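Please look over the sequence and the model before reading on.

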Amino acid sequence: RLVLSNNKLTSLPERFSPFVKLNYLDLSFNEIEYIPGEHTFSDLSKLSYLSLSNNKLRKINANVFSSNSRLLNLFFIRLENNYLSEIPSIQNLSSLVNLNVSQQNGRLTKLTDFQFRRNMNEDYGPNEMFLLSLGLGFNDFEVIAPKTFCGNNSTTTQSVDIIELSWKTFWSIYSKKSYMLAQLFLAKIVIVDHFEHRGDSQDVC
């Protein structure tokens, strides 16, 4: 267990090689702006909890969690209250149960196709993918790709259990992209902030 919160850190080492047995890493409430390398966490095969919340993160290497398949025990990633414009890939994080990227201070405005897809761990059976809780609240998305919540080539959700959205984002999906609700038909949708709709009532259906 390594807690380095509130230390005014501005950068991270290229790798955490000396801490191969680490399972809990808290880097929250620092001043980290960038994680440029792909292998920063790749030696931490036992890591189950990672917090980078409440930093100044503007850029994380898109493959920092998917450049290798060693992070099979990573259950929680907290990235809330930063300045990210893109979400790093979680494709190889088959054990992930919670991803929080809420409140990116106006910079996270786009979600891409298959944004949250994950590969199946070969050690699991076909129905044993961990359910994923997504924190996307306090972000107003301007672009939501048609297959954002689909997995691989599927047209259905990839084991999303709970999803937190801003009211504005939910309304956009409901009123303009209602077909996307089918991707989340098994998920609990939680609205975490307020948006007042002032459009014509005929837009609802």
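**Overall make-up**

The model is a predicted one. The protein has 205 residues, and 42% of them count as buried. Its exposed surface comes to about 10600 Å², of which carbon and sulfur atoms supply 48%. Among contacts with a separation of 6 or more, 69% are between residues 24 or more positions apart.

One helix and twelve strands are present in the protein. Along the sequence they follow the pattern β-β-β-β-β-β-β-β-β-β-β-α-β.

**The sheet**

Eight strands make up an open sheet, with parallel pairing, in the order S1-S2-S4-S6-S7-S9-S11-S12. Strand S1 (2-3) and S12 stand at the edges; each has a single partner strand, so one side of each lacks a neighbour in the sheet. In general, strands of a sheet pair through backbone hydrogen bonds, in a parallel or an antiparallel way.

| Pair of strands | Direction | Bridges |
|---|---|---|
| S7 and S9 | parallel | three bridges |
| S9 and S11 | parallel | four bridges |
| S11 and S12 | parallel | four bridges |

Individual residues can be followed across these pairings. Asn98 has Ser133 in S9 as its bridge partner, and Ser133 in turn stands opposite Ile162 in S11. Leu134 has Ile163 in S11 as its bridge partner. Further along, Leu165 stands opposite Ile191 in S12.

The chain passes from S11 through H1 to S12, and this β-α-β crossover is right-handed.

Is strand S9 covered on one face or on both? Both faces of S9 are covered: Leu132 and Leu134 are buried on one side, and Ser133 and Gly135 are buried on the other. In a regular strand, side chains alternate between the two faces of the sheet.

**The helix**

Helix H1 spans residues 167-176, and its buried residues are Thr169, Phe170, Trp171, Ile173 and Ser175. Which strands do the buried residues of H1 pack against? They pack against strand S10 (143-144), strand S11 (160-165) and strand S12 (188-191). An α-helix has 3.6 residues a turn, so residues three or four places apart point the same way.

**The core**

The largest nonpolar core has 44 residues, and those that touch the most other members are Phe41, Leu52, Leu99, Phe116 and Leu136. Strand S9 (132-135), S11 and H1 each supply at least two residues of this core. Its largest share, three residues, comes from S11.

Which residues does Phe41 touch, not counting residues up to four places away in sequence? The residues touched by Phe41 are Leu12, Phe16, Leu25, Ile35, Leu50, Leu52, Val64, Phe65 and Leu71. Leu52, one of these, is also named among the core residues that touch the most other members.

**Two loop residues with positive phi**

Two residues in loops deserve a separate note. Lys8 lies in the loop between S1 and strand S2 (24-26). Its phi is positive, at about 55 degrees, although Lys8 is not a glycine. Is Lys8 buried or exposed? Lys8 counts as exposed because its relative accessibility is 65%, and the cut-off for exposed is over 50%.

Phe138 is found in the loop between S9 and S10. Its phi is near 60 degrees, which is a positive value in a residue other than glycine. The relative accessible area of Phe138 is 43%, so this residue is partly exposed.

Technical notes:
Residues are numbered from 1 along each chain as its sequence is written. This is a predicted model: local features need pLDDT of at least 70, side-chain atom pairs count only at pLDDT 80 or more; totals for chains, interfaces and linings use all residues. Side-chain values use heavy atoms; hydrogens and water are left out. Buried means under 20% relative accessible area, exposed over 50%, partly exposed in between (1.4 Å probe, protein chains only). Contact means heavy atoms within 4.5 Å. A nonpolar core is a set of buried Ala, Val, Leu, Ile, Met, Phe, Trp, Tyr and Cys residues joined through side-chain atoms within 4.5 Å. Two strands pair if DSSP finds at least two bridges between them. Accessible areas come from the Shrake-Rupley method with a 1.4 Å probe; for residues, only the protein chains shown count as cover. A crossover is right-handed if, with the strands pointing away from the viewer, the path from the first strand over the helix to the second runs clockwise.
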